[in-house]
Amino acid sequence: MATTVEDPRVIEVDVRTDEMLVNMGPQHPSTHGVLRLVLRTDGEVVSEVTPHIGYLHRCAEKIGENLTPRQYIPYTDRMDYLAGMNMNLGWALTVEKLLDLRVPEKGRHLRVLIAEMGRIASHLVGMGAYGLDLGTFSPFLYAFREREKILDLFEEACGARLTYSYLTVGGATADLPKGWLEKCEAFLDQFVPVIDEYHTLLTTNTIFIKRTAGIGLLSPEMAIDYGCSGPVLRGSGVDHDLRRDGETIYTSMYDDYNFEIICERDGHYPQDQDYPPVPIETMLGDCWHRFYVRMLEVVQSVGLVRQAMEKYQASEGSHGEPIKLNQKLPPGEVYLETEAPRGQMGFYLVSDGKAIPWRVRVRSSCFSNLSVTPELCRGCLIADVPAVVGSLDVVMGEIDR
Amino acid sequence: MEFQAIAERLQERLGDAIVAVESEAIDPWIEVAPARLMEVATALRDDPAWLFDYLHCISGVDLLETDPKKAAKTEWEPHLQVVYHLSSIRLKHRLVLKVHLPRWKEDQEGELPELASVASLWNTANWHEREVYDLCGVRFTNHPNLRRILCPEDWVGYPLRKDYEMPLEYHGIRGR
């Protein structure tokens, strides 16, 4: 018997079901930690999403008012715990801005090297976990296999695999051990071909494209209005990256580095020619584009790490001496944002001239990125909610602080 | 646009809405009269010479010296500050706005000071203002949904105020 497929939206009107509130989280694998979303659903269609946060609130700002800046470094690790190195760097630079301190050349290149490795590791988790959200398990394993190697390298450099406290105010706690650069080089050489595997598994996978193309559209205006940053902002086609557009103390770190901001210009991404073309079903600002920006940033970071290794080897002298644990801060206040893997991570430090800050404020990139979810999920299907939240790549440790 | 130019133009246009300008600081800031915040913020966002389209962060700072000996020596009266970090993605300049508020409305302890919400200008302010309300105790008027955001809804007190004391007990959990 031949049946005609009707437009599901028509049925929705005819047989109107009662509205139902569905709790997604706080313990739900695809909410990336302890995020709770309350969905107002009408059948399969979500009419409203209300995010509830705070389940991982650990009073990071209050703790900052009781510790000296160097003692606070381990707490920054626990903000975005998937990119501890980048959090260390953000805080260290903020304090250095207040102290008017510049790290030596060697320390600067070491920081770029470590921060960009951190970005690769973080994007690998984002990518692998996004596959999980959409119901495919293998990319997760492929991604974690490579991330594991980066963590091994980090462990060799600082002794920790997750909470590094490696980059610190004034430089780094230690120089890289002997033979580290060769291992890093070997890792990059074998890692670059693996990126193509990821493109086969996800980027160009038909099911993946169907699940992400045109879903969760974020217009550039809305992205700016909601204070989105990082790949979420650039996925909407806004050409903004603090590594180029940030404050001098941060951009000077990347002064003599060659890199192009990953963002679509006139329908093309910078590295378009080497990588799979953008599928025609996708629209700028959808989940697919946010994912693609992350994938291309991995390639970009590999390039930056290579440059950093070269410059690090060529530079002489010290990698930077950490300041004293109880060094007095000059009175004043500074605000500084850095480009962490998930977006612009900001620290606001108010000092009254003692060793312990008067006030520490943390501006989290994911906090602002997540606040746009209600807009993105309005009118989508329940199954699209994990696709949208996953594409924002949120880390609750950073949102709740 | 340079900070000096922004400050001068702002003073020219809105006169006494600008209470103070500090251009010597590492991050120069402008202090705005609380009642005129909306006016200033709207001008900053919409004026084609400024176009401050991106609100980074709203922070609450409690200025209260709890030690009576030190309090006698401080140069400032106890007050709250709400700090806005703005920038323009298109024009690539930055600005810091400050608003000084009393710690309690009309000095009545427990009555939160009020400030106009800028959530209608920048949507990101919605969550940021909720956080300032939650942790520092500032009531934002005309806010679409002013609820606690990080602390539980039945939490008592404003943890980032300097005179805050941890509760002894919360739902059977020992506090201190």
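**Notebook: domains, helices and the chain contact**

I began with the division of chain A, which falls into domain 1 (8-52) and domain 2 (60-400), the bounds coming from an automatic or database domain assignment. I noted that this is a predicted model, in which local features need pLDDT of at least 70, side-chain atom pairs count only at pLDDT 80 or more, and totals for chains, interfaces and linings use all residues. Residues are numbered from 1 along each chain as its sequence is written, while chains are lettered from A and ligands numbered from 1 in the order in which they are written.

I then looked up how the two domains meet. The C-alpha centres of domain 1 and domain 2 of chain A lie 31 Å apart, and 18 residues of domain 1 are in contact with 18 residues of domain 2 (contact: C-beta atoms, placed from the backbone, within 7 Å). On the domain 1 side, strand 2 (36-42) and strand 3 (45-52) of chain A each supply at least two residues, and the largest share, seven residues, comes from strand 3. I numbered helices (DSSP runs of H or I, at least four residues) and strands (runs of E, at least two) from the N terminus.

Next I turned to helix 3 (residues 69-77) of chain A, where seven of the nine residues are buried, so the helix is largely enclosed by the rest of the structure (buried: 20 or more other C-beta atoms within 10 Å of the residue's own, all placed from the backbone). Among the buried residues I listed Arg70(A), Tyr72(A), Ile73(A) and Asp77(A), and I found the buried residues of helix 3 packing against helix 2, helix 4 and strand 4 (167-168) of chain A.

I also checked a helix pair: the axes of helix 7 (residues 180-203) and helix 13 (residues 287-314) of chain A come within 11 Å and cross at roughly 170 degrees, the axes being lines fitted to C-alpha atoms over the stretch in contact, with angles from 0 to 180 degrees between N-to-C directions. Helix 7 and helix 13 of chain A are therefore roughly antiparallel (over 145 degrees). The residues of their contact include Leu188(A) and Phe191(A) of helix 7 and Val298(A) and Val302(A) of helix 13.

Last, I looked at the contact between the chains, which takes 30 residues from chain A and 24 residues from chain B. On the chain A side, the elements giving two or more residues include helix 4 (84-99), strand 6 (332-340) and strand 7 (343-351), and strand 6 gives the largest share, five residues.

Note on methods
Parallel < 35°, antiparallel > 145°, perpendicular 65-115°, else oblique. Buried ≥ 20, exposed ≤ 12 C-beta atoms within 10 Å, placed from the backbone.
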